[in-house]
Amino acid sequence: MHYPIIAGALSLGLLLGSFSPPLTSARVSPGMDVSEWQGDIDFEAVRRAGIETVYIRAGEGSNSVDRNFERNYEKASAAGLNIGFYHYVTAATPEEAIQQADFFYSLIEGKSFNCYPAMDFESFPGLNKEEINAVASAYLKTLADRLGSTPVIYSNTYNAANTWDPGLASYPLWVAEYGVTQPENLGPWENWVGFQYSDTGQISGIRGNVDLDYFQDGIFMRSEGNDPGTGDDADSETGVDPDVSYTVKAGDTLWGIARQYHTTVAELAALNRLANPAFIYPGQVLQISSGATSYTVKSGDTLFGLAKRFGIPVNKLIQANHISNPNRIYPGQTLLIPKNASIVRYRIKPGNTLSGLAVRFGTSVAALMEANGITDPNLIYAGETLRIP
């Protein structure tokens with residue numbers, strides 16, 4: 001991204017060696033963020049070097065697509081990395097912000113990713129603080145509505161502490177500060193989900209410098225914003241979480257509670273009529289609208305079989321449970337079953353086949369043919385949109 005180089009920035013060699021992860025009780029995932037400026041990346045070599053998570057620039061403004069966006073996405077996916085996308089915002093008005101959020105969503109719609117998409121809004125020529133926040137708010141609200149989940153704000157520590165309104169702390173923070181082991185000032189945020197600690201990283205598989213990051217669990221997506229299932233046919237080992245209440249304890253944040261109950265900060269704030277989602281207090285009782293079911297794995301179960309049983313894509317199960325190896329689930333393990341998304345839409349890309357998409361989304365060729373009125377399973381066209389049951 002676009003921050004000045006600071007002397008003493010750290011390389012991945014230090015990340016894997018003497019440089020310790022930031023002081024936090026949560027596990028951190030070594031990561032990086034990339035754009036066309038990194039050229040042709042060998043993502044297999046990157047993975048072997050220890051990187052687990054990559055954020056890929058999708059584009060800039062209202063119509064500029066990163067030249068390596070598709071290539072980076074395909075190669076990072078093939079390497080098995082956790083994937084997120086970010087978009088460089090250039091809007092000067094809320095109206096432009098809405099257009100740019102729609103453009104970003106159009107670029108990532110139909111792609112598989114398990115990290116919350118991020119707004120990269122860091123240059124504000126000619127705008128005052130009120131105008132900057134109006135643009136950011138319009139962009140984030142639009143993107144959240146399109147995604148059905150909570151976007152991330154990418155920011156340096158100066159803007160986190162001095163530019164952003166406290167109300168934006170309801171969105172998780174990916175913060176940049178170089179040459180330190182822990183961000184020093186997060187403003188209204190109590191914690192970060194992403195920490196970009198260097199823009200001069202050196203990694204096998206990339207020529208030249210690359211931004212290096214740590215990502216906490218909060219960067220990874222849970223199932224949010226989908227229509228709830230009825231739960232009427234749930235069997236004895238599958239319990240639907242009812243609406244519940246929660247009493248706030250010291251140290252709690254709304255973001256942490258939202259993650260615990262697999263909902264969103266926006267949903268909790270609306271349900272409890274919170275004027276400032278950044279302010280909750282010990283002893284406060286919150287109403288929780290939870291949208292997940294739980295399932296205890298039995299002998300013989302597979303993720304593919306469970307995806308078909310619950311009517312959701314396999315990748316949704318993987319994302320909801322942070323599963324690194326889809327072939328390894330075990331009896332007694334408890335899985336979170338996301339709300340039934342009912343229909344997923346996917347834009348066909350060159351090289352796609354109906355059988356390959358059926359495996360990818362945990363459905364069958366016959367079901368895809370029926371849902372889309374296809375008579376010849378060997379005849380699908382790049383650019384067309386499929387309904388994925």
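## Contacts across the chain

Take the contacts in this protein with a separation of 6 or more: 65% of them are between residues 24 or more positions apart. Keep in mind that you're looking at a predicted model. The protein has 389 residues, and 50% of them count as buried. Its parts list runs to 12 helices and 16 strands.

A few pairs show what such separations look like. Ser62 and Ile98 are 36 residues apart in sequence, yet their C-alpha atoms are 9.5 Å apart in space. Asp301 and Pro331 are 30 residues apart along the chain, with 7.9 Å between their C-alpha atoms.

## Helix α5 and what covers it

Helix α5 covers residues 129–147, which makes 19 residues. From the first C-alpha to the last it reaches 27 Å, close to the 27 Å expected at 1.5 Å a residue. Which of its residues are buried? The list is Ile132, Asn133, Val135, Ala136, Ala138, Tyr139, Leu140, Thr142, Leu143, Ala144 and Leu147. Here's a handy bit of background: an α-helix has 3.6 residues a turn, so residues three or four places apart point the same way.

At its start, a side-chain oxygen of Asn128 comes within 3.1 Å of the backbone nitrogen of Glu130. Just after the helix, Gly148 has a positive phi of about 75 degrees.

## Thr163, a buried loop residue

Thr163 sits in the loop between α6 (157–162) and β7 (173–176). Is Thr163 buried or exposed? Its relative accessibility is 8%, so it counts as buried, since the cut-off for buried is under 20%.

Apart from neighbours within four places in sequence, it is in contact with Phe124, Lys129, Ile132, Asn133 and Tyr158.

## Ser29, in a strand

Ser29 is part of strand β1, residues 28–34. With a relative accessibility of 1%, Ser29 counts as buried. What does its side chain pair up with? There's a polar contact of 2.8 Å between the side chains of Ser29 and Thr53.

Leaving out neighbours within four places in sequence, Ser29 has contacts with Glu52, Thr53, Asn82, Asp213, Tyr214, Phe215 and Phe220.

## Two partly exposed loop residues

Ser62 belongs to the loop between β2 (53–60) and β3 (64–65). A relative accessible area of 33% makes Ser62 partly exposed. Setting aside neighbours within four places in sequence, Ser62 is in contact with Gln99, Gln100 and Phe103.

Asp301 is found in the loop between β13 (293–296) and α9 (303–310). Asp301 counts as partly exposed because its relative accessibility is 22%. Not counting residues up to four places away in sequence, Asp301 touches Tyr295, Thr296, Leu306 and Ile329. Its side chain also reaches the backbone nitrogen of Lys298, at 2.8 Å.

## The largest pocket

How much space lies in the largest pocket? About 960 Å³. It's lined by 25 residues, and the closest to its centre are Gly80, Leu81, Asn82, Ile318 and Ile323. The elements giving two or more residues to the lining are β4, α10 (314–321) and α11 (354–360).

Which element gives the largest share of that lining? Helix α10 does, with four residues. Sorted by class, the lining has 11 polar, nine nonpolar and five charged residues.

## Ala358, in helix α11

Ala358 lies in α11. Ala358 is buried, with a relative accessible area of 3%. Besides neighbours within four places in sequence, Ala358 is in contact with Thr363, Ser364, Val365 and Leu368. Ala358 and Leu368 are 10 residues apart along the chain, and their C-alpha atoms are separated by 7.2 Å.

Conventions: Residues are numbered from 1 along each chain as its sequence is written. This is a predicted model: local features need pLDDT of at least 70, side-chain atom pairs count only at pLDDT 80 or more; totals for chains, interfaces and linings use all residues. Side-chain values use heavy atoms; hydrogens and water are left out. Buried means under 20% relative accessible area, exposed over 50%, partly exposed in between (1.4 Å probe, protein chains only). Contact means heavy atoms within 4.5 Å. The expected span of a helix is 1.5 Å times one less than its number of residues. A polar contact is a pair of N or O atoms within 3.5 Å; within protein, one must be able to donate a hydrogen and the other to accept it, and residues adjacent in sequence count only if both atoms are side-chain atoms. On a 1 Å grid over the protein atoms alone, a cavity is a set of points where a 1.4 Å probe fits but cannot get out, and a pocket is an open set with protein on both sides within 12 Å along at least five of seven lines; lining residues have an atom within 4 Å of a point. Grid points are joined across faces, edges and corners, and a volume is the space filled by probe spheres set on the points. Ala, Val, Leu, Ile, Met, Phe, Trp, Tyr, Cys and Pro count as nonpolar, Asp, Glu, Lys and Arg as charged, and the others, Gly among them, as polar.
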